Amino acid sequence: MTQTINKVFIATSIDGYIADKNGGLDWLNSIPNPDHIDMGYNEFITDIDAIVMGRKTFETVCNFDIEWPYSKPVFVLSTTLKSIPDDFQNKASIIKGNPDVIVKYLLSRGFEKLYIDGGRTIQGFLKEDLIDEIIITTIPILLGGGSRLFSTSHNMLGFDLIESKVFLNQMVQSHYKRK
């Protein structure tokens with residue numbers, strides 16, 4: 001039986017936060033990147049069929065002052081969002097349900113390789129043991145609080161380190177695969 005491959009590509013602070021105490025992301029640019037190195041994101045996203053992100057992540061992306069950054073279908077996991085804002089109607093769809101139901105639904109629609117994004121969404125998928133690969137880029141900053149990438153609500157899950165890279169002589173990116 002075919003199953004999805006669910007992957008995470010995310011950055012964290014040294015102390016494990018993905019957003020600061022105010023939900024901000026400015027710290028992601030704390031290391032100068034004058035050549036705009038993508039740190040493997042373009043290669044990663046090329047191998048993805050669809051993106052599943054949480055509502056907060058979706059709203060954050062909608063507020064970026066850039067063109068819509070995704071060429072893949074985006075599914076917004078939300079229990080509170082009633083509709084996609086007009087400016088993003090053809091760019092994203094709302095999806096509801098637990099991670100297992102969502103994975104089965106998307107697989108039935110032909111989406112086999114999913115990018116899972118957003119703290120609570122990633123935590124929910126981990127709780128159901130539905131994350132196959134995690135690529136984490138650690139930025140050398142201590143935020144001291146904010147939104148955590150990992151919670152204590154899942155069981156112990158084993159991963160193998162596939163590769164580690166250093167970008168801009170500052171950031172360590174580690175690629176893990178579920179055992």
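Select Arg 178 and Phe 159 to begin: the charged end of Arg 178 sits over the ring of Phe 159, 5.7 Å from its centre. A charge counts as over a ring if NZ of Lys or CZ of Arg is within 6 Å of the ring centre and within 35 degrees of the ring normal. The model is predicted: local features need pLDDT of at least 70, side-chain atom pairs count only at pLDDT 80 or more, and totals for chains, interfaces and linings use all residues. Residues are numbered from 1 along each chain as its sequence is written, and side-chain values use heavy atoms, leaving out hydrogens and water.

Arg 178, in S10, is the bridge partner of Phe 159. Strands S9 (residues 159-167) and S10 (residues 171-178) run antiparallel and are joined by eight bridges. Strands (E, at least two residues) and helices (H or I, at least four) are DSSP runs, numbered from the N terminus; two strands pair if DSSP finds at least two bridges between them. Further along, Ser 164 stands opposite Ser 174 in S10. The hairpin of S9 and S10 has three residues between the strands, and there Leu 168 takes a positive phi near 55 degrees.

Now show the whole sheet. This open sheet of eight strands has the order S5-S4-S3-S6-S1-S7-S10-S9, with mixed pairing. Strands S5 (92-95) and S9 stand at the edges with a single partner strand each, so one side of each is left without a neighbour in the sheet. From one strand to the next, the twist averages 20 degrees.

Select helix H3 (residues 99-108), which packs on the sheet, touching S1, S3, S4, S5 and S6; its direction makes about 135 degrees with that of S5. Contact means heavy atoms within 4.5 Å. Axes are lines fitted to C-alpha atoms, for helices over the stretch in contact, and angles run from 0 to 180 degrees between N-to-C directions.

Turn finally to the aromatic rings. Rings of Phe, Tyr and Trp (its six-membered ring) pair if their centres lie within 6.5 Å; planes under 30 degrees apart count as stacked, over 60 as edge-to-face and the rest as tilted. The count comes to ten aromatic pairs. Tyr 41 and Phe 44 form a tilted pair, 6.5 Å centre to centre with 40 degrees between the planes. Phe 58 and Trp 68 form an edge-to-face pair, at 6.1 Å and 70 degrees. Both Phe 58 and Trp 68 are buried, meaning under 20% relative accessible area, with exposed over 50% and partly exposed in between (1.4 Å probe, protein chains only).
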